[in-house]
Structures are given as C-alpha cells and as structure tokens.
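Opened the notebook for a quick look at the metal site and the strands around it. Notes below, in the order I looked things up.

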Amino acid sequence: MIRDPFTITTPLIVASILSADFSNLGDEIREVLDAGADMIHLDILDGHFAPNLSFGPPVIQKIRPITPAYFDAHLMIAEPLRYGPAMARAGANGLTFHFEAVADPIAAARTLGKLGRVGIALNPATPVDRIEPVLDEVDLVLVMSVVPGFSGQKFMPEVLDKCRRIKRRLRADQRIEIDGGIKPDNIRQARDAGVDWFVVASAIFDSPDRFTAIAELRGQLA
Ligand code: DX5
Ligand code: ZN
C-alpha cells in the first residue's frame with residue numbers, strides 16, 4: 001500500500017475497482033491492498049465520454065476512510081473540470097482527465113493540478129504528438145491500451161510504441177501509466193516500453209486468489 005506513488009521509482013500495481021464486487025466494495029478494496037496492490041484506481045464513467053456508467057464522488061467519499069492508500073482517479077467523463085473538484089474533495093489524490101474531453105488541455109491540467117496530482121490520458125487512437133504541448137504541465141501520462149468503457153477487454157500492443165515515445169519525453173519526477181487488458185503475459189512488454197504504473201481490473205478482481213494474481217503480475221516485472 002502506497003500513499004505517495006511519486007516518491008517511488010519501482011513499477012507499481014494499481015488495482016482498478018471497476019471489476020470489484022460493488023455489493024462488497026469495502027472488503028474488496030481491503031483485500032486487494034492486503035494482497036499486495038500498491039494503490040486503487042477509480043474509473044469514473046459518465047455514459048457520455050465512454051459508453052458505461054460507474055460511480056462518482058459519493059462513493060469515493062464512502063471508501064476514503066478505508067485506507068490511506070493513494071486513490072488514482074481516471075476521469076472518463078465529458079466534463080472533468082466540472083466534476084474534478086468534487087472528486088478531490090471526496091478523497092481522490094490524483095485526477096487524470098482525457099485529452100479528448102477538453103478544449104484546452106493545458107488550462108485543464110493547470111486547473112485540476114491545483115487540486116492534487118494531475119494526469120492526462122489518451123485513447124488508443126490519439127497520437128502522441130497531440131499531447132506533447134501538455135506534457136510539462138502534468139505529473140502523469142495514462143496511455144489507454146483498450147478503448148475506454150469496460151474492464152475485461154483485450155490489450156492493444158500497438159500502444160507500446162506510444163509509451164516508448166512518451167517515456168523519452170518525461171522528466172524523472174513524472175510517471176507513465178498503462179490501462180487496459182494488462183495480464184501476466186503482457187505486463188513485461190509494457191514495462192520494457194517504459195511504463196511505471198500498471199492498472200489492472202479483471203486480472204486481479206476476477207481471480208479467486210488475489211494474492212497469487214498480484215504476485216504473478218509482479219513476478220513478471222522482477
Ligand atoms: C477501461 C478502464 C480500465 C479497466 C481496466 O475503461 O479505464 O481501468 O477497468 O480493466 P482490465 O484490467 O480488466 O482491462
Ligand atoms: Zn482506468
């Protein structure tokens with residue numbers, strides 16, 4: 001369990017609760033952290049930016065007292081500037097908005113960056129060149145390796161080249177995160193492409209043995 005992942009340079013496993021059993025969310029979060037997950041990824045979906053709905057600030061507020069672990073919020077929403085402040089107040093430590101969702105990504109990064117750590121996410125179809133002007137303004141770049149919306153989709157290896165290009169541009173205090181379809185059989189490729197943080201939903205939560213699932217992922221990074 002990690003409170004400030006930016007102090008760490010080793011690779012980190014970020015458990016996405018999008019595949020958790022929501023009828024038992026508190027225990028699910030405790031269990032994956034006890035099983036070795038470094039932090040918690042909050043996939044916020046509004047049914048507009050991506051075709052699914054998940055949860056928002058009231059749920060973040062309810063799970064915040066469970067753990068001091070870092071809450072990494074991924075805003076797959078059309079209006080990140082409208083809802084970001086409520087998410088930060090509810091307990092999200094970092095807010096990652098999508099490049100494709102905002103008219104002025106530099107302004108969005110500066111505004112959301114006042115609330116905590118800030119990240120920019122890019123869809124598989126978005127070229128790296130588009131986000132280059134924003135890179136200096138963010139703590140984190142999230143590379144989507146599936147089309148946003150659902151857990152359990154297949155990893156798109158073609159995004160690895162984007163990871164390599166972004167990594168070359170980042171400062172030592174910035175991090176790169178990959179999200180979508182990460183499994184023991186592809187996590188190493190992502191690491192070799194420069195990724196620091198690995199978001200994992202189904203490969204952890206769909207496993208009856210979360211400890212072994214996380215150990216298998218981590219074993220590939222050793
Ligand atoms: C996809 C979400 C991901 C997703 C990952 O829209 O951003 O965080 O939950 O799920 P898996 O690991 O199952 O691909
Ligand atoms: Zn995500």
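Are His 74 and Asp 179 buried or exposed? I find His 74 buried, and Asp 179 too (buried is under 20% relative accessible area, exposed over 50%, partly exposed in between; 1.4 Å probe, protein chains only).

Ground rules: this is a predicted model, where local features need pLDDT of at least 70, side-chain atom pairs count only at pLDDT 80 or more, and totals for chains, interfaces and linings use all residues. Residues are numbered from 1 along each chain as written, chains are lettered from A and ligands numbered from 1 in written order, and side-chain values use heavy atoms, without hydrogens and water.

Zinc next. I see His 41 (NE2), Asp 43 (OD), His 74 (ND1) and Asp 179 (OD) coordinating the zinc ion (ligand 2) at 2.0 to 2.2 Å (donors are N, O and S atoms within 2.8 Å of the metal, 3.2 Å for Na, K and Ca; water is not among the atoms, so sites may look incomplete). The donor spacing reads H-x1-D-x30-H-x104-D. His 74 sits in strand β3 (residues 71–76) and Asp 179 in strand β7 (residues 175–179), so this pair ties together parts 105 residues apart in sequence (strands are DSSP E runs of at least two residues, helices H or I runs of at least four, numbered from the N terminus).

Then I checked β8 (residues 197–200). Trp 197 and Val 199 point one way, Phe 198 and Val 200 the other, and all are buried. β7 and β8 pair in the parallel sense over three bridges (pairing takes at least two DSSP bridges), and I noted Ile 178 opposite Phe 198.
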